[in-house]
Amino acid sequence: MTLPTGSVGVQARALAIRQALDHPRPWLHFPASLETAFRHWYVNGIRGARILLAIVVIALLVINSLSEWLIMRPDARFLPGAHFIQWGIEFPVIVLALVIHLSHRLRWLWDPALILAGFVIALGVEAQRVLGLTEGFELPALFAPVAIVSGAISARLRFWQALPAGVVFILAWSAIEIIHIGSIPQAANELFVGFVALSGTLVGLYGQEYQARRAWLQQEWNRLMAETDAMTLMPNRRVLTRLGSTLRARARSDPQAIALAVIDIDHFKRYNDQLGHDAGDDCIRRVGRALATQAHRELDLVCRLGGEEFVVVWHGRRAETLFTDAERCRQTVRDLAIPHPDGGDRPVTVSVGAVCIPASVDPDLDALYRCADAELYIAKRAGRDRCSVRHLQVSGPETIQAPAAVP
Ligand SMILES: Nc1nc2c(ncn2[C@@H]2O[C@H](COP(=O)(O)OP(=O)(O)OP(=O)(O)O)[C@@H](O)[C@H]2O)c(=O)[nH]1
């Protein structure tokens, strides 16, 4: 699970997905930020099917070979050559493709390996036919193209990989046919079959990939929206809850100090009442964007809990920097210089309540939130536009003493 860092990452991702959904890309490519995730999903989604495909191909080779041996070939003159192609060339290539697929580190080689395996099998089969090695057991001329079409589509080769590979393949295949038959006009029938097979493969792959891309975008959008505050496109409370579980799980192997700040816009009711709800919404968005820059590490988070309240979680930040970090949040909003309708030079400001715990303490975000909220209350009572921070005392070796409720 990858958690969004602050809201900037989430907003950028939401924007990229929305744009891709609104403008379907007929050329089958997403912006780089989405492309990698899509490819991972596309290939891994049918991992089992690909393994099955490789096993089926191996089984076909075995059956083909055995049947030749037992039934078809009373004259064994050609068998060594045919078996060398099958077992010496095709079989190792398929096994190599399978090993690559099963190995996590070599996974990126899978598609090229699959294309290579397809090439070798189809050209091998065709070469056997053309060279007369399968005399007495004539494979239908359509075998290779049909195998390529169905194999490529069921293995979900991506269109832009299949296109150059298909062109190279069809040229090699045509060369075998032309050399065997003697001239292009005489080989026209075979070449036509090859080009039809290539076109069918490409059309099938294009349609399949296009549909898959649309479905993936929609799925990603739904997932993102379930974890995003619709108005600001910032992570919502659900992400904070999930982060709590992640931090607790992570703390067992990698304990880190945690800090949490609750940030609330000052006198926002007056802002809203005097400038209107739309201006209020806009102000919340701008404050959210500014605060989002305060998340730096993988498990840092800036989210909007609702209303004009935000929460920042810092993972692995030293306790000594807590006040500076909280002040930076406050100053970042002040620097926006959004005029407050209260008059004078007063810009929109925030109050910040922040707490932190050392690495030895169980990171209970609920308890941290209640403690930080109590600090926020202190900051508000002290006049607003300020920070109140506390290094939490722990009652036992592992628990946080959180106030039952905000006073
Ligand atoms: N525009 C807008 N206003 C909101 C939204 N959510 C909550 N509010 C308003 O935010 C205001 C919060 O007011 P209060 O809780 O009284 O706090 P405050 O006026 O900011 O005062 P202090 O927090 O004590 O400084 C209310 O007027 C809410 O209507 C929102 O999504 N958009």
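# The ligand and the sheet

Me: Which residue has a polar backbone atom 3.1 Å from a nitrogen atom of the ligand?
Reply: This is a predicted model, in which local features need pLDDT of at least 70 and side-chain atom pairs count only at pLDDT 80 or more, while totals for chains, interfaces and linings use all residues. Residues are numbered from 1 along each chain as its sequence is written, and side-chain values use heavy atoms, with hydrogens and water left out. A polar contact is a pair of N or O atoms within 3.5 Å; within protein, one must be able to donate a hydrogen and the other to accept it, and residues adjacent in sequence count only if both atoms are side-chain atoms. The residue whose polar backbone atom lies 3.1 Å from a ligand nitrogen is His277.

Me: How much of the area that the ligand exposes when taken alone does the protein bury?
Reply: Accessible areas come from the Shrake-Rupley method with a 1.4 Å probe, and for residues only the protein chains shown count as cover. Taken alone, the ligand exposes 670 Å², and the share of this buried by the protein is 67%.

Me: Which element gives the most residues to the shell around the ligand?
Reply: Helices (H or I, at least four residues) and strands (E, at least two) are DSSP runs, numbered from the N terminus. Strand S1 (258-265), helix H10 (268-275) and helix H11 (277-292) are the elements that give two or more residues to this shell. With four residues, the element that gives the most is H11.

Me: What is the order of the strands in the open sheet of five strands?
Reply: Two strands pair if DSSP finds at least two bridges between them. The pairing in this open sheet is mixed, and the order of its five strands is S2-S3-S1-S4-S5.

Me: Which strands are the edge strands?
Reply: An edge strand of this sheet pairs on one side only. S5 pairs with strand S4 (residues 350-357) in the parallel sense, over five bridges. The two edge strands are strand S2 (301-306) and strand S5 (387-391).

Me: At what angle does H11 run to S3?
Reply: Axes are lines fitted to C-alpha atoms, for helices over the stretch in contact (heavy atoms within 4.5 Å), and angles run from 0 to 180 degrees between N-to-C directions. H11 lies across S1, S2, strand S3 (309-315) and S4, and its angle to S3 is about 5°.

Me: Where does Arg384 lie?
Reply: Phi of Arg384, a residue other than glycine, has a positive value near 70°. Arg384 lies in the loop between H13 and S5.
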